Amino acid sequence: MARSGMVRGLTLILGKSGGQAMKSVDLKEHIRTIPDFPKPGILFYDISTLLRHPGAWRTAVRDLSRVVGAGAPDMLAGIEARGFLVAGAIAVDLGIGLAMVRKPGKLPGATLSHSYELEYRADSVEIQTDAVESGRSVVVVDDVLATGGTAMAAIELLRRAGAHVAAAAFVIELGFLDGRACLDVPVVSLVRYDR
Ligand code: AMP
């Protein structure tokens, strides 16, 4: 399946040389970078320009659906907030359900929480206790894979809820941060930046 061999197998990078769908749309042309956001020194990869271009967004959703769907997951788990946009579109495309991985205090009812360490601070993510049925195969979805801390926290949380996390899927992978090395599931991404 994979066009380019990457760590932990089952990895597919769809680029210009990837699937048919990419022949007419170069997603990088629709992803904007904004320096010093949200704080000095961070180069922010902004998908709002991708979202507002129907053809490019459709291509991104279709291509990510194709690789995610190949594993026939039972459902997706989108990470707040831009991950909801990506996961929601793919879930509709694949005809499967969706769980929300949210920041603390956002979800009503009984929740499970998982705390994790980032470079300079601790953070946590939550899901509702009944968000996934035990044993279900789930793919974690977000817009950007950076250090991998957020996605790994989501994976650990979903496992505590009884899910089998089959893979993690992203529109953008910041390869120079090697976030995929943090993740113990197969990783797929559409666009990779190596600085
Ligand atoms: P990380 O836990 O370091 O992999 O960070 C991933 C999360 O932070 C994702 O939800 C991204 O939306 C966001 N993020 C981190 N770095 C960036 C960046 N340079 N540009 C855009 N979003 C980012």
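This is a predicted model: local features need pLDDT of at least 70, side-chain atom pairs count only at pLDDT 80 or more; totals for chains, interfaces and linings use all residues.
Two residues are taken to be in contact if their C-beta atoms, placed from the backbone, lie within 7 Å.

The secondary structure of the protein consists of nine strands and four helices. Along the sequence these elements are arranged in the pattern β-β-α-α-β-α-β-β-β-β-α-β-β. Of the 195 residues in the protein, 38% are buried. Among contacts with a separation of 6 or more, 57% are accounted for by residues 24 or more positions apart.

Helix α2 covers residues 54-70. The buried positions of the helix are Ala56, Trp57, Thr59, Ala60, Asp63, Leu64, Val67 and Val68. Because these buried residues fall within an arc of 160 degrees when α2 is seen down its axis, they line one face of the helix. The face turned away from the buried side carries Pro54 and Gly55, both of which are exposed.

The axes of the two helices come within 9 Å and cross at roughly 65 degrees. Angles of 65 to 115 degrees count as roughly perpendicular, and α2 and α3 are therefore assigned to that class. Their crossing is right-handed. On the α2 side, the contact is made by Val61, Leu64, Ser65, Val68 and Gly69. The residues contributed by α3 are Val86, Ala89, Ile90, Asp93 and Leu94. Leu64 and Val68, which take part in this contact, also belong to the buried set of α2.

Helix α2 is followed by Ala72, which is placed in the loop between α2 and β3. The phi of Ala72 is near 45 degrees, a positive value in a residue other than glycine. A residue with 12 or fewer other C-beta atoms within 10 Å is classed as exposed; Ala72 has 10 such atoms and is therefore exposed. A positive phi, of about 50 degrees, is also found at Asp178, although this residue is not a glycine. Asp178 lies in the loop between β8 and β9. Because Asp178 has 14 C-beta neighbours inside 10 Å, it counts as partly exposed.

Cis peptide bonds are present in the model at Phe37-Pro38 and at Glu80-Ala81. For the bond joining Phe37 and Pro38, omega is about 0 degrees. Pro38 is found in the loop that links β1 (32-35) to β2 (43-46). For the bond joining Glu80 and Ala81, omega is about -5 degrees. Ala81 is located in the loop between β3 (75-79) and α3.

Terms used. Residues are numbered from 1 along each chain as its sequence is written. The expected span of a helix is 1.5 Å times one less than its number of residues. A residue is buried if 20 or more other C-beta atoms lie within 10 Å of its own, exposed if 12 or fewer, and partly exposed in between; C-beta atoms are placed from the backbone. The arc is that of the directions from the helix axis to the C-beta atoms. Axes are lines fitted to C-alpha atoms, for helices over the stretch in contact, and angles run from 0 to 180 degrees between N-to-C directions. Angles under 35 degrees count as roughly parallel, over 145 as roughly antiparallel, 65 to 115 as roughly perpendicular and the rest as oblique. A crossing is left-handed if the near helix is turned anticlockwise from the far one by less than a right angle, and right-handed if clockwise.
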